[in-house]
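These are my notebook entries on the structure shown below. I record each item that I looked up, together with the criterion behind it.

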Amino acid sequence: MPEIAICTQKLSRTFGNLTAVDGMNLEVAAGQFFGFLGPNGAGKSTTIKMLTGLLAPTSGSMELLGLDFAAHPVDVKRQIGVVPEGMGLLERLTGSEYLQFVGRMYGLDRATTQRRAAELLDFMQLADRPKTLIADYSHGMQKKLALAAAVIHGPRILFLDEPFEGVDALAAGALKALLGRMTERGTTIFLTSHVLEIVERLCSHVAIIHKGRLVAQGSLEELRAGISGEAGSKTTLEEVFLSIVGQDGAERPHLEELSWLM
Amino acid sequence: MVDVGAPVGILTQIGLVAGLRWRMLRNGLRKKSNRFDLIGLIFVGILSAIFVFGLCFTFFAGAYNFLSTGRFGWLSLLFWGIFVFWQLFPIFAAGFGASFEFRTLLRFPLNLTSFYIISLAYGLADFSALASVCWLVSMMLGAAAAKPAVLPAMLLVVTLLLILNVTLERLIGSWFERLLSRRRTRELFFALFILSMVSLNLIEPIMHRYGAILRPLAHRIVPYFSWFPPALAGKAIASAAQAHFGGVVLSSVGLLLYAAVFSVFLWARFAKQYRGEELSETAAPAPVAPRAAAKVDNAPDHLSALSPQVAAIVRKEFRYLTRNSFSFFSLIVPPMLILILSAQLSEARPRGSQFHVSSEMLFPGIMAYLVLILMAPAYNCFAFEGRGIQTYFMAPVRFREVFLGKNLMLLSVLAVEMILSLAMLAWRLGLPSPPVFVATITAIVFAVVGQLSLANWSSLNFPRKLEFGQMRGQRQSGMAVLIAFGAQFLFGGLSAVILFAGRWTENRWFSAEAFTLLASAALGGYFASLDALSRVAEKKKEVLIEALWR
């Protein structure tokens with residue numbers, strides 16, 4: 001039985017009358033590259049915020065690496081890394097200063113923090129602008145820095161909310177290779193992305209959330225087989241996604257309504 | 001076939017932009033936190049109305065009086081007042097292009113002429129422009145009531161002044177926009193602005209010392225002001241009142257020339273913007289430095305006595321302070337004001353005179369002033385974090401550490417400011433007696449530490465995002481200001497009562513003893529509050545992140 005990295009039980013979150021996440025039971029095994037998909041407003045970011053301590057659940061429980069998040073938030077946070085929505089950078093620091101700040105916040109000693117910060121900046125191709133403030137970074141540079149900050153303490157689970165958005169192809173290739181190596185070494189990666197090709201290429205397991213409910217979960221093969229009804233199917237993730245999320249015709253936009261555009 | 005929209009008339013476009021400004025104001029009030037601000041806005045609105053309509057009467061009476069008593073030359077003064085207000089008020093209060101960047105309109109199918117005209121219409125909707133128009137109309141009515149014959153000239157002059165002023169205001173605005181488009185120049189500008197405001201306090205001492213030299217110089221310069229637009233406007237009306245129509249024409253042509261020159265400059269600026277001028281630094285690639293080898297700093301850690309997390313926050317706070325030129329330079333203000341104040345007091349009331357101001361009285365007063373000024377930002381201590389606030393919630397720390405780091409930095413700043421101020425005071429007026437010195441220091445510990453718990457609580461409950469190096473839209477949360485005011489009143493009042501009780505009982509050490517007791521209680525309360533505040537932070541994190549995200 002593989003070790004469970006993330007386990008949620010009836011996890012829910014409401015905002016007034018709106019239920020953003022509704023009784024989610026999610027299980028992610030350690031070392032998996034896990035893709036978390038859903039259309040806009042489905043509850044992906046709300047889920048990732050709850051799993052990383054940025055948002056309190058209305059009800060239900062979460063266990064990360066066998067620890068109850070509500071009871072041991074600091075112990076859990078010590079072992080996870082996050083690239084949140086909006087990146088959460090302190091924009092008046094330089095890239096190096098920010099990484100050193102984050103390293104020290106995670107309890108790394110000064111020398112280790114400095115060494116890792118320098119190596120990460122080098123890897124992310126951010127080392128050649130040592131005096132530039134984060135406020136003056138481009139969006140792609142900020143994304144790379146947020147990723148560097150998320151891994152500086154060597155987390156056992158890495159949460160990535162749209163990590164490749166705005167990152168150039170060269171850096172994206174290097175990042176994918178890095179993430180692949182991390183999962184080989186046992187790091188669990190929990191990734192959300194709207195680019196289904198990226199999820200299909202990187203992830204071994206996928207969950208799909210729709211209107212706050214988990215509507216599918218399993219390995220890519222299991223999901224494909226579930227749609228086509230046969231093992232080893234060549235069905236793409238996009239087809240799987242559309243067949244699950246867009247099952248009711250009401251979900252699909254009607255092009256006839258835009259006849260004036262065609 | 002795709003339908004393409006029909007061309008839109010200029011009036012429709014002006015109407016659309018006016019509607020946009022109104023909707024932005026209305027939608028901004030939808031959020032609950034902003035509704036508190038609505039009360040403040042209504043209050044400011046009432047005060048502004050009193051200010052505008054009060055001055056309307058003044059301008060009406062001024063124009064009527066000067067024309068009916070034959071003091072025509074004085075009319076220029078009224079025009080000068082309006083001119084200066086119209087041009088300077090936007091710089092002080094409204095700023096340029098922070099909440100709505102006018103150039104964003106360029107993505108729509110506007111030609112340069114439409115862009116130019118809409119910009120002028122936009123400028124006419126500013127408070128300074130609306131108020132100035134009201135005052136010009138009041139002047140016109142006053143002038144017509146005194147001498148009906150000047151009405152046509154007044155109409156001409158007011159129209160020319162209106163075009164001239166709105167064009168110049170937009171021109172200065174666009175120059176400022178250009179100047180302030182870069183973060184560093186923006187921060188430097190606001191730092192200089194603060195310093196120049198403080199320097200106004202130096203006018204009186206300078207005039208006192210060098211007035212005799214400066215006065216003749218000023219008399220030589222004043223005649224040159226007669227060539228400026230307000231003076232020309234005054235001359236035109238004075239000529240009309242004396243039926244010298246040549247003078248009216250000459251002055252009006254002068255005003256027209258000014259308007260034409262400003263229009264040419266403004267057209268050139270807008271033409272550049274229209275062609276896609278981009279000035280912000282993020283659009284330009286940053287200079288690339290040769291890649292340096294990774295190096296480890298082996299220098300001793302001066303904050304090793306603190307936990308790594310608290311030390312990291314202190315360092316980060318220090319960096320933020322030094323990079324926020326507005327806040328950093330404002331630290332110069334208190335010692336500078338104390339220097340000016342103590343210098344003026346020691347000169348005006350020298351030692352030995354009946355009304356000599358001693359440091360016995362001034363020292364507690366000055367320290368209370370420092371606490372009042374420097375504690376105010378603590379009531380919204382996350383203001384400059386922006387989205388970075390998430391870092392504190394993602395990291396394995398409790399908010400106890402975050403507050404300790406932030407409060408330590410504030411206390412360090414306070415200590416440095418106090419030492420500087422004490423040095424200034426000792427230099428100009430001498431040191432206070434030991435009982436007063438100890439009583440004041442312990443009173444500060446009591447007042448500052450006592451306030452910190454409240455300030456931390458206020459920061460969690462009423463956060464408001466502030467931007468570095470910006471003045472426009474930089475309003476603190478109304479509730480945070482109220483709490484700060486209440487707390488300062490409470491602690492300041494209590495401290496004053498204890499200080500006076502010491503004098504009244506003639507027990508020189510009574511105040512020091514009482515404050516030592518209170519300071520100990522405040523310290524105990526502060527450390528006890530940190531865990532409770534960590535729990536509050538956990539409950540309030542969504543409010544905090546949401547407020548600082550925007």
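**Entry 1: a helix pair in chain B**

I looked up how helix α6 (residues 151-179) of chain B packs with helix α10 (residues 245-274) of chain B: the angle is about 25° and the axes are 9 Å apart. Helices (H or I, at least four residues) are DSSP runs, numbered from the N terminus. Axes are lines fitted to C-alpha atoms, for helices over the stretch in contact, and angles run from 0 to 180 degrees between N-to-C directions. α6(B) and α10(B) are therefore roughly parallel to each other, a term that applies to angles under 35 degrees. I noted the crossing of α6(B) and α10(B) as left-handed, that is, the near helix is turned anticlockwise from the far one by less than a right angle.

For the contact itself (C-beta atoms, placed from the backbone, within 7 Å), I listed residues of α6(B) including L160(B), L164(B) and R170(B), which meet residues of α10(B), among them L255(B), F262(B) and R269(B). The residues of this contact of α6(B) with α10(B) comprise 17 nonpolar, four polar and two charged. Here Ala, Val, Leu, Ile, Met, Phe, Trp, Tyr, Cys and Pro count as nonpolar, Asp, Glu, Lys and Arg as charged, and the others, Gly among them, as polar.

**Entry 2: source and numbering**

I note that this is a predicted model, in which local features need pLDDT of at least 70 and side-chain atom pairs count only at pLDDT 80 or more, while totals for chains, interfaces and linings use all residues. Residues are numbered from 1 along each chain as its sequence is written, and chains are lettered from A and ligands numbered from 1 in the order in which they are written.

**Entry 3: the contact between the chains**

I found that 39 residues from chain B and 41 residues from chain A take part in the contact. On the chain B side, α11 (308-323), α15 (389-394) and α19 (510-549) each supply at least two residues. α11(B) gives the most to that side, with eight residues. The side of chain B that touches chain A has 19 nonpolar, six polar and 14 charged residues.

**Entry 4: V413(B)**

I located V413(B) in helix α16 (residues 399-429) of chain B. V413(B) counts as partly exposed because it has 17 C-beta neighbours inside 10 Å; buried requires 20 or more other C-beta atoms within 10 Å, exposed 12 or fewer, and partly exposed lies in between. Leaving aside its neighbours within four places in sequence, V413(B) is in contact with L331(B) and L374(B).

How values were computed: Angles under 35 degrees count as roughly parallel, over 145 as roughly antiparallel, 65 to 115 as roughly perpendicular and the rest as oblique. Two residues are in contact if their C-beta atoms, placed from the backbone, lie within 7 Å.
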